[in-house]
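Me: I would like to learn how to read aromatic pairs and helix contacts in a model. Can we work through one?
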Amino acid sequence: MSKKNKAPTRETNVSTKVNNSKVKTKLNGGVFTYTGAISVGELATALGVASSDIIKFLFLQKKMITINTVLDDELIGTICLEFGYDFEKKVIVEAENFEDLVIEDDPTKLVERPPVVTVMGHVDHGKTTLIDAIRNSNVAAGEVGGISQEIGAYQKEINGKKITFIDTPGHEAFTAMRSRGASVTDIVILVVAADDGVMPQTVEAIDHAKAAGVPIVVAINKMDKPGVDPNRVKNELMQHDVIPEDFGGDAVCVEISAKQKKNIDALLEAVLFIAELKELKANPDRYAMGTVLEAKLDKNEGPKATLLIQNGTMKTGDFLVVGTSYGKARRMTNEFKKVLSEATPSTPVSVIGLTEVPEAGDRFMAFAEESEARTIATKRKQIKESKTRNATSAASLEDLFNKIHEGEVQNINIIIKADSTGSAEAVKSSLEKLTNDEIKINIIRATAGGITESDVLLASASNAIIYGFNVRPDARTRAKAEEEKVEIRLHRIIYALIEEIQAAMKGMLAPTMVEKVIGQAEVRRLFKVSKLGTIAGCMIIDGSIKNNARIRVLREGIIVYEGKLASLQREKDQVKEVKNGYECGMLVENFNDIKEGDIIEASEMVEEKGE
């Protein structure tokens with residue numbers, strides 16, 4: 001077999017051999033080791049004691065069992081200790097569940113690896129500008145709408161040591177992407193603008209960092225602006241349990257200007273110092289495993305994924321299982337599009353050769369054999385499809401239940417197509433948050449790739465709108481959409497898309513009828529007419545009053561009558577309306593107890609759009 005792909009010097013991460021035995025047990029040096037469910041009889045045999053002795057012991061513990069009773073972990077431990085043995089349960093992770101794999105490397109094979117640093121913070125606080133300053137690049141200038149909309153991963157060598165940087169978008173829509181960034185990082189650089197201070201996404205980034213259990217280095221940015229006060233930022237950080245070093249805490253705060261590239265070295269030195277304290281290590285002598293940072297469908301190269309190697313070494317030609325897809329690493333490139341033959345721990349690489357676009361956040365693992373990778377990927381896909389079917393069925397039943405018990409709920413069905421899985425996920429997450437008691441946002445599909453005829457047919461069948469984010473349909477797809485009368489909406493900036501959906505939702509809400517005061521008149525004289533009753537001589541003091549309007553009679557602010565006008569006159573003529581500043585005569589229907597000084601207030605019912 002070719003050594004190029006087999007890479008025999010590298011350890012495999014997980015054994016894929018089929019284990020046909022019901023249970024594996026072992027007694028070694030007084031320690032009973034087991035891996036799965038075990039009965040009384042099986043445990044007795046493994047320990048070399050009589051089943052009757054175990055049954056008797058448990059009977060005295062007021063537990064009724066037989067020789068065939070399957071024991072739980074607590075009982076196995078109790079029995080082992082009673083008969084003089086220690087015990088240990090080993091969990092076997094199936095190859096298709098490699099996310100759950102816990103690898104214990106030989107300490108002699110561990111080598112220092114670069115720290116993975118995630119840059120977080122509120123929108124427009126200078127995260128990408130800081131990355132630019134570190135890399136001497138110009139990423140920010142190419143961003144649509146002035147905000148980052150993908151995870152970028154970059155590596156930089158500083159003082160002879162490499163640091164891997166992940167730039168996460170700071171806009172509120174990218175909560176999930178920031179969360180994913182924190183889950184793969186070793187250190188968080190929290191960028192806080194000195195003029196703005198702590199903002200909502202700043203707090204969210206702090207929460208993600210704390211949840212991931214990683215240290216925070218605070219970069220107080222925009223110190224070049226006049227009148228800024230870094231101590232204000234530090235005091236605000238303390239309110240969120242981030243205590244700066246000079247206030248007695250452990251959070252390193254560095255005052256910088258990313259725009260002017262001031263004090264960047266001090267920030268990086270703080271990162272390297274913390275990385276040294278953490279003693280970050282990995283084993284390069286095994287097949288690679290790690291996380292998908294971003295994935296998309298490239299029109300020229302097909303499925304393309306940005307992978308972060310977290311352990312092991314990946315080489316060109318390795319067979320990969322990425323999420324539910326598999327393939328061969330036909331080409332690996334770094335952020336500068338330089339082709340790499342191998343990638344070591346903490347290295348971000350862009351890989352082509354997969355069968356389909358994985359999802360951002362998926363775990364991946366390299367294998368020695370293509371058949372092995374294909375088999376595991378197929379199993380993973382079957383498991384995912386099974387879960388999806390079950391989830392879809394449950395959701396449909398729940399929707400039906402809600403419609404019956406809560407009245408009809410209006411749905412907006414949406415298909416999302418985006419340039420990357422991260423963007424699709426962010427758009428989906430944002431739109432789902434807009435669902436309320438009256439209108440439900442139903443995301444039928446949210447995937448990476450161009451808008452296809454398949455999407456149009458699905459939209460037609462489900463009465464959905466297609467939203468394209470940084471993608472466009474071709475002429476054939478447009479023609480199909482027109483034929484099927486499917487609406488395609490295209491956007492490049494996420495908050496514009498969200499605002500459009502919000503406007504559509506407001507338009508769908510059933511209008512409510514509300515009472516609106518249209519005018520008030522003060523009663524100044526009274527005229528008794530035997531055939532009609534009491535006519536009030538009035539002055540319109542606000543708005544206008546129409547004939548046959550609904551009115552209230554107010555006396556010292558208290559309603560004394562509600563009804564409607566029987567007649568409205570000006571200079572003995574019947575009129576339809578009298579406006580502010582004019583005198584008129586009013587006859588109130590079925591009410592003669594009107595007095596001078598009363599206020600006659602007219603109102604009408606108007607439709608008001610729901611919010």
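This is a predicted model: local features need pLDDT of at least 70, side-chain atom pairs count only at pLDDT 80 or more; totals for chains, interfaces and linings use all residues.

Me: How is a pair of aromatic rings described?

Reply: By the distance of the centres and the angle of the planes. The count here comes to three aromatic pairs. In one of them, F57 and F83, the ring centres are 6.3 Å apart and the planes stand at 75 degrees. Over 60 degrees counts as edge-to-face, so this pair is edge-to-face.

Me: Which parts of the chain does the pair of F57 and F83 link?

Reply: Distant ones, 26 residues apart. F57 sits in helix α3 (residues 51-60). F83 is in the loop between α4 (73-82) and β5 (86-89). F83 is partly exposed, at a relative accessible area of 25%.

Me: What is the geometry of the pair Y561 and F591?

Reply: Stacked: 4.7 Å centre to centre, with 15 degrees between the planes. Y561 belongs to strand β30 (residues 558-570), and F591 to the loop between β33 (583-588) and β34 (599-608). The pair therefore ties together parts 30 residues apart in sequence. Both Y561 and F591 are buried.

Me: Now the helices. How do α2 and α3 cross?

Reply: The axes of α2 (residues 40-47) and α3 come within 8 Å and cross at roughly 120 degrees. The crossing is right-handed.

Me: Which residues make the contact?

Reply: From α2, V40, G41 and A44; from α3, S51, I54 and I55. By class, four are nonpolar, two are polar and none is charged.

Terms used: Residues are numbered from 1 along each chain as its sequence is written. Side-chain values use heavy atoms; hydrogens and water are left out. Rings of Phe, Tyr and Trp (its six-membered ring) pair if their centres lie within 6.5 Å; planes under 30 degrees apart count as stacked, over 60 as edge-to-face and the rest as tilted. Helices (H or I, at least four residues) and strands (E, at least two) are DSSP runs, numbered from the N terminus. Buried means under 20% relative accessible area, exposed over 50%, partly exposed in between (1.4 Å probe, protein chains only). Axes are lines fitted to C-alpha atoms, for helices over the stretch in contact, and angles run from 0 to 180 degrees between N-to-C directions. A crossing is left-handed if the near helix is turned anticlockwise from the far one by less than a right angle, and right-handed if clockwise. Contact means heavy atoms within 4.5 Å. Ala, Val, Leu, Ile, Met, Phe, Trp, Tyr, Cys and Pro count as nonpolar, Asp, Glu, Lys and Arg as charged, and the others, Gly among them, as polar.
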